[in-house]
Amino acid sequence: MNARDEVLRRVRAARPAAPVTVPREYRAVDGGDDLVGLLVDRLVDYKATVRRCAPGGLAGTLAELLSGAPAVVTPAGAPRGWLSAYQGRVLRDGEPHALAVADLDAPGVAVLTGCAVAIARTGTLVLDAGPDQGPRALSLVPDHHVCVVHSGQIVGGVPEALARLADPTRPLTLISGPSATSDIELNRVEGVHGPRRLEVVVVD
């Protein structure tokens, strides 16, 4: 018997013979608060920029936020009306082919996506590769990410957010503010593992 077999033997011996009941007494639905205000507060605390607008003002708000970007990448399923007021070049992933990493990493390129759900208490945007979000590279490679969140997509906590997902087997990207990390001296560095700028438009 080799070391691997011995480890597996001990693991099997330690497993309980009968099924284990796992307590699930956590709060499944977390409501009652101003979830939109709470999400905005958390995102701002994480150094994201947040704008709120009515549905009719979405195109103008996005055009203002993206005015400095010469090109904007969007998933193929993103509503075309989102960029109806934007004057720059629009690159739609998958039309006619998937965009290369070089296209996403070009200077000045921004990305515009939707989200699957947003978690107010953690200030987290959840992307699940849905039609208006696209593959993970779209939201991870460009330096500037603009995300549209509708107020009906905002929930209080994580359990409720996971229950909202249309297909929990899709790859998930959880975003809480711009990409940030710290070096050994605890100096904050932004933009190392994702967008340096995160701008969120909450439509309510």
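In this predicted model, strand 6 (residues 124-127) and strand 9 pair in the antiparallel sense, with 3 bridges between them. Within that pairing, Leu127 has Thr173 of strand 9 as its bridge partner. Both strands belong to an open sheet of 4 strands, ordered 8-5-6-9, whose pairing is mixed. At its edges lie strand 8 (154-155) and strand 9 (173-175), each of which pairs on one side only.

Strand 4 (residues 109-113) is mostly covered, with 5 of its 5 residues buried. Both of its faces are covered: Val109, Val111 and Thr113 are buried on one side, and Ala110 and Leu112 are buried on the other. Strand 4 runs parallel to strand 2 (residues 71-74), and Ala71 stands opposite Val109 of strand 4. Strand 4 also runs parallel to strand 7 (residues 144-150), where His144 is the bridge partner of Ala110.

| Strands | Sense | Bridges |
|---|---|---|
| strand 6 and strand 9 | antiparallel | 3 bridges |
| strand 2 and strand 4 | parallel | 3 bridges |
| strand 4 and strand 7 | parallel | 4 bridges |

A further site of interest is Thr61, which is placed in helix 3 (residues 58-65). Thr61 has a relative accessible area of 9% and therefore counts as buried, the cut-off being under 20%. A polar atom of the Thr61 side chain lies 2.9 Å from the backbone oxygen of Gly57. Leaving aside residues up to four places away in sequence, Thr61 touches Arg51, Cys53 and Val201.

Technical notes:
Residues are numbered from 1 along each chain as its sequence is written. This is a predicted model: local features need pLDDT of at least 70, side-chain atom pairs count only at pLDDT 80 or more; totals for chains, interfaces and linings use all residues. Side-chain values use heavy atoms; hydrogens and water are left out. Helices (H or I, at least four residues) and strands (E, at least two) are DSSP runs, numbered from the N terminus. Buried means under 20% relative accessible area, exposed over 50%, partly exposed in between (1.4 Å probe, protein chains only). A polar contact is a pair of N or O atoms within 3.5 Å; within protein, one must be able to donate a hydrogen and the other to accept it, and residues adjacent in sequence count only if both atoms are side-chain atoms. Contact means heavy atoms within 4.5 Å. Two strands pair if DSSP finds at least two bridges between them.
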